[in-house]
Amino acid sequence: GLPKALSYRKICSKCGKTRGEHGELGFGNKCVYQDCGRCGAGVQMHVKANVPMGFLCTLSVKEGATPGAAELYESKINDLAMAAELKKKLKNETSSSSGAVPLLPTSTTTSTSGGTMSVKV
């Protein structure tokens with residue numbers, strides 16, 4: 001199953017993508033994605049191989065998984081689990097003492113919107 005620090009509130013139970021990757025589209029039972037967050041293959045490949053999509057996906061490259069996608073996914077999930085564990089630890093430590101202590105940011109996405117770029121030719 002999911003690492004202890006994570007839940008299906010953070011990882012979509014249908015496609016396996018994180019809440020951040022999902023954006024405003026349905027999450028969990030309302031998920032509209034047709035590709036797997038873990039291996040990158042479409043829903044048809046999973047049906048054909050009789051393998052669930054998402055966190056529990058075990059589709060191989062031979063069966064249609066994108067090479068390297070599963071490893072990247074595992075790394076991302078481990079990073080999320082470690083961040084959640086650290087956040088929980090910090091929260092526990094700060095709840096026993098008084099005073100404002102900044103918590104870790106909840107989002108790991110960076111925004112690149114804004115400025116314009118000019119290129120001299």
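Among contacts in the protein chain between residues at least 6 apart in sequence, 30% join residues at least 24 apart; a contact here means heavy atoms within 4.5 Å. Keep in mind that this is a predicted model, where local features need pLDDT of at least 70, side-chain atom pairs count only at pLDDT 80 or more, and totals for chains, interfaces and linings use all residues. Residues are numbered from 1 along each chain as its sequence is written, and side-chain values use heavy atoms, with hydrogens and water left out.

**The overall picture**

What does the secondary structure come to? There are three helices and zero strands in the protein chain, so reading from the N terminus on you get α-α-α. Helices (H or I, at least four residues) and strands (E, at least two) are DSSP runs, numbered from the N terminus.

How confident is the predictor? On pLDDT, its confidence in each residue from 0 to 100, the protein chain averages 80, and 73% of the residues score at least 70. Among the elements, helix α2 (residues 43–49) has the highest mean pLDDT, 95, while helix α1 (residues 19–22) has the lowest, 86. Residues 107–115 are another story: the pLDDT there is below 50, and the stretch has zero contacts in the model beyond near neighbours in sequence. Where pLDDT is low, the predicted coordinates should not be read in detail.

Now for the surface. The protein chain has an accessible surface of about 8800 Å², and 56% of that belongs to carbon and sulfur atoms. Accessible areas come from the Shrake-Rupley method with a 1.4 Å probe, and for residues only the protein chains shown count as cover. Of the 121 residues in the protein chain, 27% are buried. Buried means under 20% relative accessible area, exposed means over 50%, and partly exposed is in between (1.4 Å probe, protein chains only).

**The cores**

In soluble globular proteins, nonpolar side chains tend to be buried together. A nonpolar core is a set of buried Ala, Val, Leu, Ile, Met, Phe, Trp, Tyr and Cys residues joined through side-chain atoms within 4.5 Å. Which members of the largest one touch the most other members? Out of its 13 residues, they are Cys12, Cys15, Cys31, Cys36, Cys39, Cys57 and Leu59. Apart from that core lies another, of seven residues, including Leu6, Ile11, Tyr73 and Ile77.

Cys15 lies in the segment before α1, and it counts as buried because its relative accessible area is 0%. Leaving out residues up to four places away in sequence, Cys15 touches His22, Cys31, Tyr33, Asp35, Cys36, Gly37, Arg38, Met53 and Gly54.

Is Lys17 buried or exposed? Lys17 is buried, because its relative accessible area is 11%. Not counting residues up to four places away in sequence, its partners include Cys12, His22, Phe27 and Tyr33.

His22 sits in helix α1 and is buried, with a relative accessible area of 2%. Beyond residues up to four places away in sequence, His22 touches Cys12, Cys15, Lys17, Phe27, Cys31 and Tyr33.

**Charges over rings**

A charge sits over a ring if NZ of Lys or CZ of Arg is within 6 Å of the ring centre and within 35 degrees of the ring normal. Here are two such cases:

| Charged residue | Ring | Distance to ring centre |
|---|---|---|
| Lys17 | Tyr33 | 4.3 Å |
| Arg19 | Phe27 | 3.9 Å |

**Two loop residues**

Val32 lies in the loop between α1 and α2. At 47% relative accessibility, Val32 counts as partly exposed.

Where is Asn50 found? Asn50 belongs to the loop between α2 and α3 (69–96). Although Asn50 is not a glycine, its phi is positive, about 55°. Asn50 counts as exposed because its relative accessibility is 71%.

Key
pLDDT is the predictor's confidence in each residue, from 0 to 100.
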